[in-house]
Amino acid sequence: MKSHTAEQGESRAVPDLVAAAEQALPQQANALQRSRAFAEPLIAGETLETGENTLAHADAVASILKSMGGSEAMQAASYLVYAVPHLNKPQDVIAKAFGESYAALAVETTKLVRVQQQARGAEHFLEDPRVQTENVRKMLLAFSRDLRVVMLRLASRLQTLRYYAATKQPMPPAVAREALQVFAPLANRLGIWQVKWEMEDLAFRFLEPETYKQVARWLDEKRVEREDYVDQLRRQLETELRAQGIHAQVHGRPKHIYSIVKKMRGKSLDFGQVLDVRALRVIVPDVKDCYGALDWVHSRFTPILEEFDDYIAKPKPNGYQSLHTIVRDAAGRPIEIQIRTHAMHEHAEHGVAAHWAYKEAGHKGYAGVSASSEYDTKIAVLRQLLAWERDLSGSDKGLFEDSIYVLTPQASIVELPKGSTAVDFAYTVHTSLGHRCRGARVDGAMVPLNKPLANGQTVEIVTAKEGGPSRDWLNPELGFLASNRARSKVRAWFNEQLRHETVARGRELVERLLQREGRTAFKLEDLAAKLGFKSAEDLFAVVGKDEFSLRTIETLLNPPEPAPSEDEVLLAKKSKPVGAKSPKGGVLVVGVDSLMTQLAKCCKPAPPDAISGFVTRGKGVSIHRRDCANFREIAGRSPERVIEVEWGRPKGEAQVYPVDVAIEASDRQGLLRDISEVFAKEKMNVVGVQTQSVRGTAWMTFTVEVADSQRLGKVLAIVRDVSGVQSARRR
């Protein structure tokens, strides 16, 4: 709206306006007169953006509402809507003068008008205007607290169409399209047929003036002849049906220009082929009479069988019931006849809200989305609301309280769950926008990111160039996210970050192993493939989570020797049974003399571990702990190569053995020093240390020399008492 006398309304103080409205008429005066008296001084001298006088527009809207069956209370609201822009605190002012229900209705309707104006002004930004049209349709019902807002908007748009037609001004195409694609289908679904037909014809007249004029000429050329014929046929049919004992009311049914054009285009017909320009409607007492009348009509005229539809036996999705048939008279002229009961006619004429997902012949809907069962339930409630709408004192509970509709800066409509915040909005628009969201402006003002949004607000997101979400967003007590979809996107981001860290840790562990084994030339992808992984990253992920043993990789890099020949095994068994001491291991090989032994790197045995030997090719006997996974694997494959061994008692200096100790701890300054001091105090020589810290957790591997593995257990108990240590165990 454009106000040319806004200062006139704003100069009046709120108490003065209320007092003037209350004193202008006696208290027993009805709300319609009081609301007009309240609004007149504010809007009588202004014009709308269409050029129409605002008060005249409000008068016309009230009149249209009356013809639609709206109560005087609803008619009264049509004046208050146009008074809202002139009031500093419209909710308070109108509530004091007329009540909270009037105030809510007027303010909600005004907000909806503003949002629609913004949406029309942004059409050039839309990739698919059909999707935006569907959003506007949904918003008409979801935006307001009750159906009365929608009724007010329908009446207002019809008056705008009438004004442009009466003044012969060109109508903006966006306004005409919205009338044809949004408001007329809405009137159709609500059962307000007269509004629907008039809107369609007027909007089509502005969108396609030449086609409109051509069809109008065709209709007008034989209008008198056609109307005389239809009237004669109507009287004849009514008389003859009554003679058959069927008390029928027969009416001529006017055909509207837009519906004729739709049929011509939908079925690729020219005007002469549109069969139902001559149309009659037969209304009878009950269903039995419907079929009785149909039998008589088909016997009296020649039916076009392919044009017959029985919507009584199989009602339309919106509950519509009627028999439709097209017959030809003796001269071959087509006549469409609809036959229905009084109850069916009442249902069809005065309306129910049907499926909101708008389904035209030949396509599923403007947005390509069918209605859900939950949506159908809400529509069923809408049917009742329309029937109940007779005064303004009814319930104002919203039917769409689980959704809100907000706008982008380009005025595209975004649907969100109720309670959604700017963060939900950002993730709905684009995942990247959500990740980089750092602030939000709502209607131009900065707001906290966890402040719930309201219907009709314009939301602009302030972003960083890069970065990710905050962990606080996942805390339900802080209220940053109401949408499950947005919450899952935030979780996915953090899961991906954790995977990156896990993969990095796994990569480092594998690369260190390859360095120790002197196999850095081994391609990581080839290594992963040999181990049964699709990619090196998959291998790193399981290694990083400690779900895959590095010993398996060692075994792959250092495969066991082939099984010895029968001669080698016999030679070993026939050797002189002397308990010889291995020069390095302090191990006695039972029953075999002078065999070289070596301690296995995979399990690093030390006295008094239970051990076994395995005959290798060219490297003597490899000594394993009996619980070593690698030993169990190779012994299972070649049991004939297993040899009994035991720890010896070397003379002279005590023998020491390298053992790996794995420690997990909360990372802190001085942790490595404190653990190293324990080993030093316990006189255990540390010959190697590997450390890794990921997200505050330290993983350490100490290689210490021990003479007795039992004493190692006591030392590890002391290590576990070090501050921050969570576990300490021999690997």
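**View 1. Q410 sits in the loop between β7 (403–407) and β8 (413–417).** Here, strands (E, at least two residues) and helices (H or I, at least four residues) are DSSP runs, numbered from the N terminus. This is a predicted model, in which local features need pLDDT of at least 70, side-chain atom pairs count only at pLDDT 80 or more, and totals for chains, interfaces and linings use all residues. Residues are numbered from 1 along each chain as its sequence is written, and side-chain values use heavy atoms, with hydrogens and water left out. With a relative accessible area of 36%, Q410 is partly exposed (buried means under 20%, exposed over 50%, partly exposed in between, using a 1.4 Å probe and protein chains only). Look for E460 too: Q410 and E460 are 50 residues apart in sequence and 9.6 Å apart in space, C-alpha to C-alpha.

**View 2. Strand β15 (residues 621–625) is largely enclosed by the rest of the structure, because five of its five residues are buried.** On one side you will find V621, I623 and R625, and on the other S622 and H624; both faces are covered.

**View 3. Strand β15 has β13 (residues 597–599) as a parallel partner, joined over three bridges.** Two strands pair if DSSP finds at least two bridges between them. In this pairing, T597 has V621 of β15 as its bridge partner. Strand β14 (residues 611–615) pairs with β15 in the antiparallel sense, over five bridges, and here V615 is partnered with V621.

**View 4. K168 lies in the loop between α9 (147–167) and α10 (173–189).** Its relative accessible area is 69%, so K168 is exposed.
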